[in-house]
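Subject: Structure for you to look at

Hello,

The structure I mentioned is below. My notes on it follow; please read them with the structure open.

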Amino acid sequence: MPYKFNESRRHKIPVARYRVTNWPEYDAALVRRGSVTVWFTDDALAAWHAPATGERGAPPIYSPIAIETGLALRLVFHQPLRQTEGMLRSIAAVLGVDIAIPDHTTLSRRSGGLTVLPKRLDRDEPLHLLVDSTGLKIYGEGEWLDQKHGIRLRRRWRKLHVGVDADTHEIVAVELTPEDVGDVSEIPELRDQIDADLASMTADGAYDGEAVYDAVAERHPEAAVIIPPRATALPSETTTTQRDRHLAAIAKHGRIAWQRSSGYNRRSLVETAVFATRRLSAGVFKLGLCPINKLRRRSDATCSTG
């Protein structure tokens, strides 16, 4: 990590101090954080009730959009299903919307088989992609048996690879793999999920390798790859690559100056997104809302529904 280069003289580096100089705007921004605006679009109202299937048996009353809306409110406001049902009824009454509200038992029953599709946005400008990964612990029946019988088994993990848009902070690519899958091998999978052109891809030193540069250049030859080379990295002997230019800039100006000039510091945005994903993952998987519908074929594991 870069901070290790200054470990011996850290006591001489002054602590950065920040002062708020625009108090009125800052205060208004804090107030707007508590503002809640809720509305129903005409398309959502038209798709609220499930269409007739023509199959035998009673058809479902509510469409997946209605169930997803209730479960999303539950995640945002951290409420049980009964309180979520009451919130939906209150919102519909305040807005004057004449729709049927699913009860808490329907939300619980339908959540297990609900599939949440990722949202696709069309982009006119190239995408600045930030990539990182994190570990997710699997909770389920085995965790309960461990606590009951006092047996400590090996913990089960999955690795979540995330790609974030640096401008909108939106998660644009995601991949769930077993814990033994390397970060570098998932770059092609994340790249194939993005339809827009890439202006740059930024990642930490774990992604340093020719395979990453080649995977990005295969689809986006003009994209900049911003990855800090390892301390023992050597320049290429045949051609001058982006990695060689990074090495030359670090040798001339230092690693901290290279981070500022290359825009590597924006990688902290994906760390924030990964941290938020880890906090939401337990609730999402427990509800049965597995947002990652594609699990790599190297494992037969599935999303745990607790």
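Thr69, Gly70, Leu71, Leu73, Arg74 and Phe77 of α3 are in contact with Leu81, Thr84, Met87, Leu88 and Ile91 of α4. Sorted by class, the contact between α3 and α4 consists of seven nonpolar, three polar and one charged residues. The two axes come within 9 Å, where α3 and α4 (residues 81-95) cross at roughly 110°. An angle from 65 to 115 degrees counts as roughly perpendicular, so α3 is roughly perpendicular to α4. The crossing of α3 past α4 is right-handed. Please keep in mind throughout that this is a predicted model.

The loop between α3 and α4 contains His78. His78 is not a glycine, yet its phi is positive, at about 55°. Its relative accessible area is 68%; the cut-off for exposed is over 50%, so His78 is exposed.

Helix α3 (residues 64-77) also packs against helix α5 (residues 104-111), at an angle of about 105° and with the axes 10 Å apart. α3 and α5 are therefore roughly perpendicular to each other as well. On the α3 side this contact involves Pro64, Ile67, Gly70 and Leu71, and on the α5 side Thr106, Leu107, Arg110 and Ser111. By class there are four nonpolar, three polar and one charged residues in the contact of α3 with α5. Gly70 and Leu71 are listed in the contact with α5 and also in the contact with α4.

A further helix pair is α9 and α10 (residues 255-262), whose axes come within 7 Å and cross at roughly 125°. That angle makes α9 oblique to α10. α9 passes α10 in a crossing that is right-handed. The residues in contact are His246, Ala249, Ile250 and His253 from α9, with Arg255, Ala257 and Trp258 from α10. The classes here are four nonpolar, two polar and one charged residues.

Two residues of that pair come up again at Ile227. His246 and Trp258 are among the residues that Ile227 touches, leaving aside those up to four places away in sequence. Ile227 itself sits in the loop between β5 (224-226) and α9 (242-253). Is Ile227 buried or exposed? Its relative accessibility is 0%, and the cut-off for buried is under 20%, so Ile227 counts as buried. Thr202 is 25 residues away from Ile227 along the chain, and the C-alpha atoms of the two are separated by 5.9 Å.

Another buried residue is Arg191, which has a relative accessibility of 11%. Arg191 belongs to helix α7 (residues 187-192). Apart from residues up to four places away in sequence, Arg191 touches Ala215, Glu218, Arg219 and His220.

Val174 is part of strand β3 (residues 171-178). Val174 is partly exposed, with 23% relative accessible area. The C-alpha atoms of Val174 and Val162 are separated by 4.6 Å, and the two residues are twelve apart along the chain. His169 lies in the loop between β2 (157-165) and β3. Like His78, His169 has a positive phi without being a glycine, here about 65°. With a relative accessible area of 48%, His169 is partly exposed.

Finally, the totals. The protein chain contains eleven helices and five strands. Of its 306 residues, 36% are buried. Among contacts with a separation of 6 or more, 59% are between residues 24 or more positions apart. The chain exposes about 20100 Å², and carbon and sulfur atoms supply 54% of that area.

Regards

Terms used
Residues numbered from 1 in each chain as written. Predicted model: local features only at pLDDT ≥ 70, side-chain atom pairs only at ≥ 80, totals over all residues. Heavy atoms only, no water. Helix = DSSP H or I, 4+ residues; strand = E, 2+ residues; numbered from the N terminus. Buried < 20%, exposed > 50% of the residue type's maximum accessible area, 1.4 Å probe, protein only. Contact = heavy atoms within 4.5 Å. Areas by Shrake-Rupley, 256 points an atom, 1.4 Å probe, with all protein chains shown as cover. Axes fitted to C-alpha atoms, helices over the stretch in contact; angles between N-to-C directions. Parallel < 35°, antiparallel > 145°, perpendicular 65-115°, else oblique. Nonpolar A, V, L, I, M, F, W, Y, C, P; charged D, E, K, R; others polar. Left-handed = near helix turned anticlockwise from the far one by under 90°.
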